Amino acid sequence: NEQSTLEVLGTKYKTDEWTNATPRILSLVGRDLHKNPNHPIGILRSLIENRFNGHGYTMYGDLKPNVTVHENFDVLGFPEDHVGRSKSDTYYLNKKNLLRTHTSAHENECFLTCKTPGYFICGDVYRRDEIDRTHYPVFHQMEGARVWKRDDYKNEEELLAKIQADIDAIPKTDLIVEDVGYDPIENPKQDFMTEREADLVSQHLKRTIEVLVDVVFNEAKKAAKLSGSTEEYLNEPLKIRWVEAYFPWTAPSWEIEVWWKGEWLECCGCGDVRKLVLDNSKLDNSIAWAFGIGLDRIAMLLFGIPDIRLFWSTDKRFIQQFKQNQISIFKPYSKYPGTVRDISFWLPKDEEGKFLKLHENDLMEIVRENAGDLVESVKLVDEFSHPKTGKHSQTYRVNYQSMDRNITNDEINSMNDKTRDELVSKYGIQLR
Ligand code: PHE
């Protein structure tokens with residue numbers, strides 16, 4: 001029962017049976033891509049912040065990603081058995097501390113400290129996930145929120161008039177909007193808000209996010225046109241739709257989807273903040289909305305970045321392409337050839353003879369730890385049960401490829417062998 005300590009941004013943590021943040025993940029803490037004004041993530045952040053500066057929002061960009069389980073989950077009303085809390089989805093520093101899985105981890109603190117009607121938070125967030133061109137265990141989010149305190153107004157009528165005036169102050173966009181409203185049973189408004197309050201707060205929320213989306217995606221179109229693209233979607237008006245969603249700390253909740261190059265892109269979760277969260281933040285007689293938007297996938301579209309790993313590249317040929325406040329389409333410097341390795345194995349049995357499942361994220365983690373950014377994607381390509389023995393087999397295909405250089409067979413073989421060995425020693429699988 002060996003205990004050691006781990007240090008994250010100056011804070012020491014005693015490790016325990018919950019600790020699963022790996023050295024590689026911890027080495028990415030503090031890279032702070034969102035604080036670099038010349039990096040696509042930082043440029044996108046500024047684009048959004050510049051649009052909302054001077055409109056009553058405090059901008060938080062320095063909140064550390066090492067937070068407590070309480071801040072990330074409990075205070076937001078996550079049920080005890082929510083999957084988000086599991087070790088297979090989240091990087092724990094120890095039982096009580098983790099790397100934030102979303103910027104909502106700071107809602108409580110920002111509601112408590114913010115002196116303006118609203119705030120934005122930008123930060124790096126961490127999730128154990130699959131490996132492919134659009135998934136990376138670290139990405140970035142921008143959180144927004146806005147509060148109206150009932151006590152600031154003489155009566156309900158005055159409060160409603162103020163929210164209406166705030167809505168009217170938001171400029172109209174040219175978006176084509178489809179809105180499903182909300183299902184009063186599945187996605188109800190909360191009792192502590194009147195019908196009119198819920199309606200107006202939700203309108204303010206939706207108009208605000210529409211402005212954000214309008215700014216960002218119109219910039220994406222401009223950049224694409226400037227780079228010489230003449231694709232048809234560039235001349236069509238932008239289409240969005242509001243679909244219902246569920247979050248433990250908002251009700252009703254929605255997600256905005258943007259129609260982009262022939263598919264609906266999930267962009268941003270949001271909703272009217274639940275009373276529990278407001279009460280915890282000493283805003284017991286207030287109403288509010290909140291949203292959270294992922295920056296990396298949008299930055300990929302905006303800058304024409306084909307693989308999310310590029311954001312982490314320190315290659316000058318990548319870094320030097322981007323300049324403060326400018327959106328420009330990425331010019332690939334060369335596509336380096338990749339190589340494929342299949343890993344096939346039988347799953348282990350437990351004491352009762354049942355076949356254990358290896359959690360996909362655990363396999364991803366081992367590959368990631370050994371190959372770093374040389375792994376492009378990992379996919380389950382085959383699965384079957386042996387008709388006689390009942391043994392269960394899986395085959396994962398690992399694509400190795402570097403964004404910056406040529407890779408050698410020797411280096412890939414040794415990484416892949418290490419991964420195979422660790423799958424055996426840590427999870428008891430039997431290689432085929
Ligand atoms: N934190 C949520 C996510 O990561 C997004 C969200 C933020 C939803 C705020 C509602 C309110 O998906």
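Predicted model: local features only at pLDDT ≥ 70, side-chain atom pairs only at ≥ 80, totals over all residues.
**Stop 1: the annotated span.** Select residues 123-332. The UniProt record, an unreviewed entry, lists them as "domain: Aminoacyl-transfer RNA synthetases class-II family profile". The span is 30% helix and 29% strand. Its end C-alpha atoms lie 27 Å apart.

**Stop 2: the sheet.** Colour the strands in the order β3-β7-β8-β13-β12-β11-β10-β9. These eight strands form an open sheet with mixed pairing. Strands of a sheet pair through backbone hydrogen bonds, either parallel or antiparallel.

Now go to the edges. Which strands stand there? They are β3 (57-60) and β9 (176-179). Each has a single partner strand, so one side of each is left without a neighbour in the sheet. Neighbouring strands of this sheet are turned by 25° against each other on average, ignoring direction.

Stop 3: Select 118-126 and 138-149, which are β7 and β8. Their pairing is antiparallel, over nine bridges. Pick C122 and look across to β8: its bridge partner there is M142.

**Stop 4: the ligand.** Show the ligand with its surrounding residues: H102, S104, E143, F247, T250, G269, C270, G271, A290, F291 and G292. By class, this shell has four nonpolar, six polar and one charged residues.

Which strands each supply at least two residues of the shell? Select 263-273 for β12 and 286-294 for β13. Keep them on screen with the ligand to finish the tour.

Note on methods: Residues numbered from 1 in each chain as written. Near = placed C-beta within 6 Å. Helix = DSSP H or I, 4+ residues; strand = E, 2+ residues; numbered from the N terminus. Nonpolar A, V, L, I, M, F, W, Y, C, P; charged D, E, K, R; others polar. Pairing = 2+ DSSP bridges. Axes fitted to C-alpha atoms, helices over the stretch in contact; angles between N-to-C directions. UniProt positions renumbered as here; feature names shortened; annotations may be inferred.
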